[in-house]
Amino acid sequence: MTNEQKEDKLMDALKHPSESHSKEISKLIDDTIRKKHKVYCMSDWHLFIRKEKGKPECHKRPNFNEIIKNLKIIQPDDLLIYLGDLVDGEFQDKETLKNVILPMNFNKILVIGNNDLFDVNFYKSCGFKYVVRSFVWHDILFTHCPVKNDNHINVHGHIHGYKRYYVPYTNHVDVGFLDGRKVPVELYSLIKIQPKYSKLIKECPEH
C-alpha cells in the first residue's frame, strides 16, 4: 500500500464524525467560551521520538521541556483541543506518557492521530475528557490529518506546517502553521487565519 493509499484510507475514516461526541464536545467548547475562558489547539508534539523506524527504543524530543513549559499559559478552566500524535508510534511506555500528560491541569480533548496507538481508555486515564477520531463544532471539522470535506473549515495537524498537500485543499488550516506544535494556539486565531492560509496551499507536483 502506497503512502497516498494509506492517507486515503485514514481520510475516509475521518469523514463521518460521531454525532453524539460532536454535540457533547460542542457544548464543552461553547460553555468554555461563554464563561470567558480560552480554547486552544495544538498538535504533533511527538514528545518521545523513535531512534530507529519500527523499533521501540525512543527518547525525548529535543524541545520536550520547551513544549511542557509553554503549556503553563493554559489555565485550569481553559480547554485544549489536541489534534493527535502525542508520541511516535514506536513508543510503548504507557506509564511514562501518562506521568507527562495527567498532571496537565486543564480540560483537554484528544483527536486521535495516526501515531496514537494505545486504547481509548488509556488516553482517558491520562485526563482527556473525550477521545475521538473527529468531531464538528459549528460546521468546523476537527481531525488529525486534513480530509476532503463539505464543512466550512477543517482544522487539523499531521503535516507539521508543510505547505504542500498531496491533493489540493481549499478550506483547511494546519495548527502547525501558527507554531501549534510547540505553543498553544487560540482557536479563533486559526479560524481567522484560514482564508490567508488557504492561498498558500499547493498541490504536490506528482498530481
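**Calls and cut-offs in a predicted model**

Me: Why does Asn 99 count as exposed?
Reply: Its relative accessibility is 55%. Exposed means over 50% relative accessible area, buried under 20%, and partly exposed in between (1.4 Å probe, protein chains only). Asn 99, at 55%, therefore counts as exposed. Asn 99 lies in helix H4. Asn 99 and Cys 126 are 27 residues apart in sequence, while their C-alpha atoms are 8.0 Å apart in space.

This is a predicted model, in which local features need pLDDT of at least 70 and side-chain atom pairs count only at pLDDT 80 or more, while totals for chains, interfaces and linings use all residues. Residues are numbered from 1 along each chain as its sequence is written, and side-chain values use heavy atoms, with hydrogens and water left out.

Me: How do you know that the buried residues of H4 line one face of the helix?
Reply: Helices (H or I, at least four residues) and strands (E, at least two) are DSSP runs, numbered from the N terminus. H4 covers residues 94-101, and Leu 97, Val 100 and Ile 101 are buried in it. Seen down the axis of H4, these residues fall within an arc of 90° (taken from the directions from the helix axis to the C-beta atoms), so they line one face. They pack against strand E2 (48-50), helix H3 (64-70), strand E5 and helix H5 (120-125).

Me: What makes E6 and E12 edge strands of the sheet?
Reply: The sheet is open, has 5 strands in the order E6-E5-E4-E1-E12, and its pairing is mixed. Two strands pair if DSSP finds at least two bridges between them. Strand E6 (130-132) and strand E12 (185-186) each have a single partner strand, so one side of each is left without a neighbour in the sheet.

Me: How many bridges join E1 to E4, and how many join E1 to E12?
Reply: E1 and strand E4 (residues 79-82) are parallel and joined by 4 bridges. E1 and E12 are antiparallel, with 2 bridges. Tyr 40 stands opposite Leu 80 in E4, and its bridge partner in E12 is Glu 186. At E6, strand E5 (residues 107-111) pairs in the parallel sense over 3 bridges, with Leu 110 and Val 131 as bridge partners.

Me: Which way do the residues of E1 point?
Reply: In strand E1 (residues 39-42), Val 39 and Cys 41 point one way, Tyr 40 and Met 42 the other way, and all are buried. In a regular strand the side chains alternate between the two faces of the sheet.

Me: What makes up the largest nonpolar core?
Reply: A nonpolar core is a set of buried Ala, Val, Leu, Ile, Met, Phe, Trp, Tyr and Cys residues joined through side-chain atoms within 4.5 Å. The largest one has 29 residues, and Ile 29, Ile 81, Ile 109, Phe 135, Phe 142 and Val 155 have the most contacts inside it. Helix H6 (residues 187-198) gives the largest share of this core, 4 residues. Apart from it lies another core, of 28 residues, which includes Trp 45, Leu 47, Ile 67 and Ile 112. Contact means heavy atoms within 4.5 Å. Leaving aside neighbours within four places in sequence, the contacts of Ile 109 include Ile 25, Leu 28, Leu 79, Tyr 130 and Phe 135.

Me: How do you know that the charged end of Lys 108 sits over the ring of Phe 128?
Reply: A charge sits over a ring if NZ of Lys or CZ of Arg is within 6 Å of the ring centre and within 35 degrees of the ring normal. Lys 108 is placed over Phe 128 at 5.8 Å from its centre. Lys 60 lies over the face of Phe 64, 4.5 Å from the ring centre.
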